[in-house]
Structure formats: C-alpha cells, structure tokens
Amino acid sequence: MLGKYINIIGTKYKVRKCKDMDDVDTTGERRSLCGQISYSDGTISVYEDKNNLDDFHDTILHEVFHGVANHLFRNRPDIMQVLSDESIVDPLVSSYRDTLERNNLVKWTMVKEGKKNAKKKEVSKKRCKGSCAI
Ligand SMILES: [Zn+2]
C-alpha cells in the first residue's frame, strides 16, 4: 500500500495525495495536473481519484520514473531532455506497468474487486497531464 513516502534510489519523497487536480501543482502556477514530482521539495504530488485507481497507479509510476531518471541522469542534459518528453515517458511507463501486471510481478493493494478480470487497458492510453518541478 502506498505510504507517506516513496524511496527512490535512497532518496525519500513525501507523497501528497490531492483530492483536487488544482492542488497538485506546487510551483504556484496552479496548473491542473494529475501528478508532479518536485526534486527541490522532495515531494510527489498525485491526484487521488478513488474511482479511477488505474490512473492513480499510472501517475505514481510516472512520477517515480521521472525521479529515477533524475537521479541517474541529472548530469546528462541530453538524456534528461529525452526522458522529460511526456510522449516518450507515458508509453514507457504504461508498457512497464503492463509487463509487470501480465507477469504477476506486481500486485496493487488498492485494486478494487471486480477489476481482477478486467481486460488489460491499452498501453497507448492517453493520460492526464503531469509535470516535473525542478
Ligand atoms: Zn511526466
């Protein structure tokens, strides 16, 4: 179960679950977002729609991906430019999650009953908007 912190390669990020997409953005710009990771604040903010846990899980994995990329490649702007491109990150994260789930390598603790037999979603599904804050 998702706790108050996510540890990414030894760095703890505080998890902020937001009930409103307008509360996710910590930059002060008040953009409406599903997720955001702030490296300077050490926070991952996620819009928590209890009726759509798939998107909630995707958003968490998406922000963790940004965090891993930042930790590994922060001194490589050429790589970071590619790994900050949402059109690259979204299908990578969705495909990674799909692979984990299809091979029973991950079990979400927040999966609703009745979803177990649900057809796997398309990996190219368009996500709502996220952001990285430096
Ligand atoms: Zn992103």
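Student: Where is the place of Met80?

Tutor: Met80 lies in helix α2, which spans residues 77-83. Helices (H or I, at least four residues) and strands (E, at least two) are DSSP runs, numbered from the N terminus. Residues are numbered from 1 along each chain as its sequence is written. This is a predicted model, in which local features need pLDDT of at least 70 and side-chain atom pairs count only at pLDDT 80 or more, while totals for chains, interfaces and linings use all residues.

Student: Why does Met80 count as partly exposed?

Tutor: Met80 counts as partly exposed because it has 17 C-beta neighbours inside 10 Å. A residue is buried if 20 or more other C-beta atoms lie within 10 Å of its own, exposed if 12 or fewer, and partly exposed in between, with C-beta atoms placed from the backbone.

Student: And which residues does Met80 touch, not counting residues up to four places away in sequence?

Tutor: Met80 touches Ala69, Phe73 and Arg74 on that basis. Contact requires that the C-beta atoms of two residues, placed from the backbone, lie within 7 Å.

Student: How far apart in space are Met80 and His66?

Tutor: Their C-alpha atoms are 9.2 Å apart, and the two residues are 14 residues apart in sequence.

Student: Changing topic, what is the order of elements from the N terminus on?

Tutor: The order is β-β-β-β-α-α-α-β, with 3 helices and 5 strands in the protein chain.

Student: How do β1 and β2 pair?

Tutor: Strand β1 (residues 5-8) and strand β2 (residues 11-18) are antiparallel, with 4 bridges. Strands pair if DSSP finds at least two bridges between them. Asn7 has Lys12 of β2 as its bridge partner. In the hairpin of these strands, 2 residues lie between them, and Ile9 takes a positive phi near 50°.

Student: What about β2 and β4, parallel or antiparallel?

Tutor: β2 and β4 run parallel and are joined by 5 bridges.

Student: Why is β4 largely enclosed by the rest of the structure?

Tutor: Of the 5 residues of β4, 4 are buried, so the strand is largely enclosed. For the protein chain of 134 residues, 22% count as buried.

Student: Which residues make up the largest nonpolar core?

Tutor: That core has 10 residues, namely Tyr13, Val24, Leu33, Cys34, Ile37, Ile44, Val46, Tyr47, Phe56 and Ile60. β4 (43-47) and α1 each supply at least two residues of this core, and β4 gives the most, with 3 residues. A nonpolar core is a set of buried Ala, Val, Leu, Ile, Met, Phe, Trp, Tyr and Cys residues joined through C-beta atoms within 7 Å.

Student: Which residues does Phe56 touch, not counting residues up to four places away in sequence?

Tutor: Phe56 touches Val46, Glu48 and Asp49.

Student: Last topic: at what angle do the axes of α1 and α3 cross?

Tutor: The axes of helix α1 (residues 53-73) and helix α3 (residues 86-102) cross at roughly 115° and come within 10 Å. Axes are lines fitted to C-alpha atoms, for helices over the stretch in contact, and angles run from 0 to 180 degrees between N-to-C directions.

Student: Which residues make the contact?

Tutor: Asp58, Leu61, His62 and Phe65 of α1 meet Val89, Leu92, Val93, Ser94 and Arg97 of α3.
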